[in-house]
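Please read the points below with the sequence and the model open beside you. They are ordered so that each can be checked by eye.

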Amino acid sequence: MINPARICLIIPAYNEATVVVPLLSSLLKLGYQVVLVDDGSTDNTKAILSDHAIHYLRHRINLGQGAALQTGMQYAKGLEADYFVHFDADAQHDPKEIPKLIAPLVEDKADICLGSRFMQAQNEVPFSKRLVLKGAILINALFTGLWLSDAHNGFRAMNRKALEAICLREAGMAHATEILSEIKRNQLRYEEVAVHISYHGYAKEKGQSIWNAFNILSDLIIRKIFPL
Amino acid sequence: MKPIQWILVPVFLFLMVSLGRRLKGQPVLRLLVWGLLIAGIIFTVFEDSSTYLANALGIGRGVDMVIYLSLLGLGVSSLMLYLRTRRLEQRLAEIVREQAIQEVDKP
């Protein structure tokens, strides 16, 4: 049984004040270290988190989820932790699944574990979302050569080797594909783990619109032709 | 010379000098911009030249060729500006990140 204090959760948050407090309370009760990156929120996120035992970092301006994750990862390198988990602030992920997600890392079978909502039957992914995600799986494969069962699932875990190796330059949502490129570039061992994604009202409202998929695709194409 | 030539030729020359200096670090874009501006001067001074060139390229009307070239220039310029913006955004992100890490609230 791994000590939860050796597990660091990296949570990017942008205007999530209404849901982040109960989430953090449950994560802290479980004994995890939490690094929350407030990506320039304009709500009262900063004020309501002041009495929580977390590492709170704030971007002065909104940069995007990829940039927030990179900030969290860069900061987490200096923490005393062995495993690092990307966790969404909108309560779509289940904290109880963290041990399952990091299990292949603990057993040294992988350097990074990617959550997949399509590996277990009980995930009821809305049809339109399913369609876009299947397209994204294909695009990920074309851009990175990695065929996975899911795409743009923000629930991931990595060991220190992967944390040190991965560098995200895509500030927006295209970082989810960039992570796969980084896995390939750094020859990291990866494994997919079945996870549950909750499609409750708030997450659906805050989630990515289908049209955003086109923005992500254009970012990827331009980056491929003109690397940063 | 006609009045329009007195207006356009100095404007093209001014743009050549001005943009040429500003695009020093971007040789491809500078070459493209200069090429289009020189073409603009030639087409303005020698009015039939665009028609001759258009006919040689199988376009038909000189004005159509000028439109195509303008669209090409506009597209490439937009792309270059977009890439420059991305590079600036990347640098901005690094500065914001550095500041966030320095000002962290620890538990």
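**Notes on the two chains**

1. In chain A, strand β2 (residues 33-38) and β3(A) run parallel and are joined by 4 bridges. One pair to look up is V35(A), whose bridge partner in β3(A) is H55(A).

2. Some ground rules apply. Residues are numbered from 1 along each chain as its sequence is written, and chains are lettered from A and ligands numbered from 1 in the order in which they are written. This is a predicted model, in which local features need pLDDT of at least 70 and side-chain atom pairs count only at pLDDT 80 or more, while totals for chains, interfaces and linings use all residues.

3. Strand β3 of chain A covers residues 55-58. H55(A) and L57(A) point one way from the strand, Y56(A) and R58(A) point the other way, and all are buried. A residue is buried if 20 or more other C-beta atoms lie within 10 Å of its own, exposed if 12 or fewer, and partly exposed in between, with C-beta atoms placed from the backbone. In a regular strand the side chains alternate between the two faces of the sheet.

4. Strand β5 (residues 112-116) of chain A is mostly covered, with 5 of its 5 residues buried. From β5(A), I112(A), L114(A) and S116(A) point one way, and C113(A) and G115(A) the other.

5. Which strands pair with β5(A), and in which sense? Strand β6 (residues 156-159) of chain A is antiparallel to β5(A), and 3 bridges join them; here L114(A) has R156(A) as its bridge partner. Strand β7 (residues 190-194) of chain A pairs with β5(A) in the parallel sense over 5 bridges, and C113(A) has E191(A) as its partner there.

6. Is D108(A) buried or exposed? D108(A) sits in the loop between α4 (98-106) and β5 of chain A. D108(A) is exposed, because 9 other C-beta atoms lie within 10 Å. D108(A) and N159(A) are 51 residues apart in sequence, and their C-alpha atoms are 9.2 Å apart in space.

7. Helix α7 (residues 175-185) of chain A is also mostly covered: 8 of its 11 residues are buried. Among them are H175(A), E178(A), L180(A) and I183(A). Just after α7(A), Q187(A) has a positive phi of about 50°.

8. The largest nonpolar core has 62 residues, and L9(A), I10(A), F84(A) and V85(A) have the most contacts inside it. Strand β1 (residues 7-13) of chain A gives the largest share of this core, 6 residues. A nonpolar core is a set of buried Ala, Val, Leu, Ile, Met, Phe, Trp, Tyr and Cys residues joined through C-beta atoms within 7 Å. Leaving aside neighbours within four places in sequence, V85(A) is in contact (C-beta atoms, placed from the backbone, within 7 Å) with residues including I7(A), I98(A) and A157(A).

9. Chain A as a whole has 9 helices and 7 strands, and 44% of its 228 residues are buried.

10. Chain B has 4 helices and 0 strands. The radius of gyration of chain B is 21 Å, well over the 13 Å that the rule gives for 107 residues, so chain B is more spread out than a compact globule. The C-alpha trace of chain B spans about 75 × 30 × 20 Å along its principal axes, and 12% of the residues of chain B count as buried.

11. On the interface, 15 residues of chain B are in contact with 19 residues of chain A. The chain B side divides into 7 nonpolar, 2 polar and 6 charged residues. Here Ala, Val, Leu, Ile, Met, Phe, Trp, Tyr, Cys and Pro count as nonpolar, Asp, Glu, Lys and Arg as charged, and the others, Gly among them, as polar.

12. On confidence, the model scores ipTM 0.83 and pTM 0.80. The mean pLDDT (the predictor's confidence in each residue, from 0 to 100) of chain B is 88, and 100% of the residues of chain B reach 70 or more.

Technical notes: Helix = DSSP H or I, 4+ residues; strand = E, 2+ residues; numbered from the N terminus. Rg over C-alpha atoms; globule rule 2.2 N^0.38 Å. Contact = placed C-beta atoms within 7 Å. Pairing = 2+ DSSP bridges.
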